[in-house]
Amino acid sequence: MIKSKQLSASAFLTLAILVCSSPHAHAAQCGNGPAGFETWKQEFAGEARAKGVGASAISALMATNYAQATINADRSLHSFKLSLDQFMVKRGSAAIVARGRGMKQRNAALFASIEQRYGVPAGPLIAIWGMESAFGSQRGNQNMLSSIATLAYDCRRPEYFTDQLYAALKLVDRGTLSAGQRGSMHGEIGQTQFLPKTMLEYGVGNLESASGALNSTANFLKAHGWKAGAGYQPGESNFAAIEAWNAAQVYQKAIALMGRQIDGGE
């Protein structure tokens, strides 16, 4: 049995060839500061061209800058470590609920249409809308593509944001997004703050408009198992769809609680 644990010279050569030819063998090298960003862009652009990304999107990628503000924000996501009560206070939940109830009344026809189509009631949608962008008033002013490219280059979560970058480049290629699209620190865009891959998969309208963003959010929730008429508090069947929207447990619970309050519950 000792032979089975030994590799011949030819086997070593075969293994080396397989490693060198693997999809990740020549991947652009991540970094932890701005120094290597321009080199990384050149390498990534070559990979993107080989995958069929068009000239307009490549040009947009090459025009991106290292987004230090995005890195600073990514290293200081402290609010998700708060207790639920602390998080609710910090994120202004009482104001979101109060204003959200008015939004529900004033846009009754829109929310009725969304619920009929997707089965999602107004409460959780309005809670997400208020939490993500203060009802569209705070959508961010960072260059979306620079933010996403910086995070794809950064060594903290390169795989996740590489997928986001390819989605963003595809949207630029299609003309759905421009190279100058503005967004939040991590590249989220629109009134409910979609990342590019989520937009590509679930966007059903203009995310900069309330109607497009809310319909797209409801479409996302339905695609993640939302059942019309079922509960959405922790332990109820629709809470899993809220969990899919954001991975932070304190955020998930806050949305469920605010949604219930907006929908008329205590």
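Leaving aside its neighbours within four places in sequence, which residues is Met258 in contact with? The model before you is a predicted one, and in it Met258 contacts Met88, Ser93, Ile96, Val97, Ala127 and Met131 once those sequence neighbours are set aside.

Of the 266 residues, 45% count as buried. Considering contacts with a separation of 6 or more, 65% of them are accounted for by residues 24 or more positions apart.

I turn next to a pair of helices. Two packed helices are described by the angle between their axes and the distance between the axes. For helix 9, residues 144-153, and helix 10, residues 158-174, the angle is about 145 degrees and the axes are 7 Å apart. The crossing of helix 9 with helix 10 is left-handed. On the side of helix 9, the contact is made by Met144, Leu145, Ile148, Ala149, Leu151 and Ala152. Helix 10 contributes Pro158, Phe161, Thr162, Gln164, Leu165, Ala168 and Leu169. How many of the residues in this contact are nonpolar, how many polar and how many charged? The division is eleven nonpolar, two polar and no charged.

Not counting residues up to four places away in sequence, Gln164 touches Ile148, Leu195, Pro196 and Lys197.

Now to the charged groups. Side chains of opposite charge can pair when their charged atoms come close. The count of salt bridges in this model comes to eight, and I shall discuss three of them.

First, Glu38 and Lys41 form a salt bridge whose closest N and O atoms are 3.3 Å apart. Both residues lie in helix 2, residues 37-50, with a spacing of three residues, or about one turn of the helix. Are these two partners buried or exposed? Glu38 is partly exposed at 45% relative accessible area, whereas Lys41 counts as buried at 1%.

Second, Asp74 forms a salt bridge with Arg156, and here the closest N and O atoms are 2.7 Å apart. Asp74 lies in helix 4, residues 68-74, and Arg156 in the loop between helix 9 and helix 10, so this pair ties together parts that are 82 residues apart in sequence. Asp74 is buried, with a relative accessible area of 2%, while Arg156 is partly exposed at 45%. Both belong to a network of salt bridges that links Asp74, Arg75, Asp154, Arg156 and Arg157.

Third, the side chains of Lys104 and Asp263 meet in a salt bridge at 3.2 Å, N to O. Why does this pair tie together parts 159 residues apart in sequence? The reason is one of placement, because Lys104 lies in helix 6, residues 93-106, and Asp263 in the segment after helix 14, residues 249-262. Lys104 counts as partly exposed, at 28% relative accessibility, and Asp263 counts as partly exposed at 28%.

I conclude with a residue in a loop. Gly175 is located in the loop between helix 10 and strand 2, residues 182-183. At 58% relative accessibility, Gly175 counts as exposed. The C-alpha atoms of Gly175 and Ala57 are separated by 9.4 Å, although the two residues are 118 residues apart along the chain.

Thank you for your attention.

Methods: Residues are numbered from 1 along each chain as its sequence is written. This is a predicted model: local features need pLDDT of at least 70, side-chain atom pairs count only at pLDDT 80 or more; totals for chains, interfaces and linings use all residues. Side-chain values use heavy atoms; hydrogens and water are left out. Contact means heavy atoms within 4.5 Å. Axes are lines fitted to C-alpha atoms, for helices over the stretch in contact, and angles run from 0 to 180 degrees between N-to-C directions. Helices (H or I, at least four residues) and strands (E, at least two) are DSSP runs, numbered from the N terminus. A crossing is left-handed if the near helix is turned anticlockwise from the far one by less than a right angle, and right-handed if clockwise. Ala, Val, Leu, Ile, Met, Phe, Trp, Tyr, Cys and Pro count as nonpolar, Asp, Glu, Lys and Arg as charged, and the others, Gly among them, as polar. A salt bridge is a side-chain nitrogen of Lys or Arg within 4 Å of a carboxyl oxygen of Asp or Glu. Buried means under 20% relative accessible area, exposed over 50%, partly exposed in between (1.4 Å probe, protein chains only).
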